[in-house]
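Please consult the sequence and the structure while reading.

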Amino acid sequence: DLQKGVRSLTSMGNLKPEQIKKITIGGNTTMGHLLMGFSCKNLGVYPFIPVNISTITGSFEEILGKMEGAPACPVILLPGISTYVGGDILSGLLSCGFDEKEPTALLVDLGTNGEMAVGNQNRILVTSTAAGPAFEGGNISCGMGSVAGAICNVDLTDGTTKVQTIGNKPPEGLCGTGVIETVSELVKEGYVDETGHLEEPYFKSGFPLGTNSRGETITFTQKDVREIQLAKSAVRAGIETLLKRFGAGYEDVDAVYLAGGFGFHMDQKKAVSIGLLPKELEKKLVTVGNSSLAGAVRYLTDETAPERCAKILDRASEVELSTDSAFNEFYMDYMYFEE
């Protein structure tokens, strides 16, 4: 796929392979290991020691394999900070300029693993929380990826349900943003209480959102509510723990950068309404999209980027949430839905 991408870009831009001078890759530790052919065995076994998360530089063939007409240029795999805060997050920190900021900022990359960082040019704390796949439509009864037909917007008013789908296609299921929207609306309308209980008559059969192309009802169930509770609590607890360990309050945070495709399309007000993000930081939220890709581009175009990445690595340290007592307390507190 990477080779296909290189061929596509060169053909689209009418470029010759010899015009490509450098290729940079920003990805998480698992993807980097798979790309390099490293064993992933220890990534899932305590103490989760990676084979190599330092900067890796090689030829096109060494990193990306043999390809006819391959460019004769170096390929650079960006380094990770820790096993679960990989090169994609370092790349995001670079793109957001954490190494140059005097005020404290927060980076949150929402996905199956909710990676986040808080800090400035002097000090950075990072962590990763196992949010689960709910933000990407996984483990949801009618969940699906962010493709055409996925419900991405939900409005419940006076018992009337209105939904919008990606591409305005007939509804087929719920993507991650649709999950957030559904929960927010169910809580707002009183169908789900603050403990996450889906009220009757929907407790057993689920709340209907529409009908798919096979004539099946698209529902949001009690189990789905629990899935998003677990996910949003893990992310919020991670944010709160990082801030606590950094010694910062909401008032000290200058900006909150929301990264990733999910963060880009998410309705921020609805995310705040269910407690996924602190309402005190709502006006400081900045959507940055694919910060990993943006950082990879920065690495290609900024001559000081290698030095800047080295500075980020030197300033960054990881907070291990599994052994942090504050995280466990926050996790229970934020399981509830805020009104």
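A search of the whole structure, which is a predicted model, finds one cavity of 30 Å³ or more. The volume of this largest cavity is about 110 Å³. Its lining consists of 17 residues, and those closest to the centre are Thr-29, Asn-52, Ile-53, Leu-77 and Leu-78.

Helix 2 (residues 29-36) supplies the largest share of this lining, with four residues.

## Second largest pocket

The second largest pocket has a volume of about 350 Å³. Its lining is made up of 15 residues; Tyr-84, Ser-128, Thr-129, Ala-130 and Glu-320 lie nearest the centre.

Strand 6 (residues 124-130) contributes the largest share of the lining of this pocket, namely four residues. Six of the lining residues are nonpolar, seven are polar and two are charged.

## Pairing around strand 3

Strand 3 (residues 74-77) is joined to strand 1 (residues 23-25) by three bridges, and these two strands run parallel. Within this pairing, Thr-24 has Ile-76 of strand 3 as its bridge partner.

Strand 3 is also joined to strand 2 (residues 56-59), in this case by four bridges and in an antiparallel arrangement. Here Ile-56 has Leu-77 of strand 3 as its bridge partner. Leu-77 is also listed among the residues closest to the centre of the largest cavity.

An open sheet is formed by six strands in the order 13-12-4-5-6-14, with mixed pairing. Strand 13 (285-289) and strand 14 (316-318) stand at the edges with a single partner strand each, so one side of each has no neighbour in the sheet. On average, neighbouring strands of this sheet are turned by 20° against each other, direction ignored.

Strands of a sheet pair through backbone hydrogen bonds, in either the parallel or the antiparallel sense. Strand 5 (residues 113-119) and strand 6 pair in the antiparallel sense, over seven bridges. Met-116 has Thr-127 of strand 6 as its bridge partner. Helix 10 (residues 305-315) lies across strand 6 and strand 14, and runs at about 40° to strand 14.

## Backbone geometry in the loops

Pro-201 is found in the loop between helix 5 (176-188) and strand 10 (207-211).

Asn-139 has a positive phi of about 60° although it is not a glycine. This residue lies in the loop between strand 6 and strand 7 (150-157).

## Confidence of the prediction

The mean pLDDT of the protein chain is 94, and 99% of its residues reach 70 or more. Confidence is lowest in helix 7 (residues 260-265), where the mean is 73, and highest in strand 3, at 98.

Conventions: Residues numbered from 1 in each chain as written. Predicted model: local features only at pLDDT ≥ 70, side-chain atom pairs only at ≥ 80, totals over all residues. Heavy atoms only, no water. 1 Å grid on protein atoms, 1.4 Å probe; cavity = no way out; pocket = protein on both sides within 12 Å on 5 of 7 lines; lining within 4 Å. Points joined across faces, edges and corners; volume = space filled by probe spheres on them. Nonpolar A, V, L, I, M, F, W, Y, C, P; charged D, E, K, R; others polar. pLDDT = per-residue confidence, 0-100. Pairing = 2+ DSSP bridges. Axes fitted to C-alpha atoms, helices over the stretch in contact; angles between N-to-C directions. Contact = heavy atoms within 4.5 Å.
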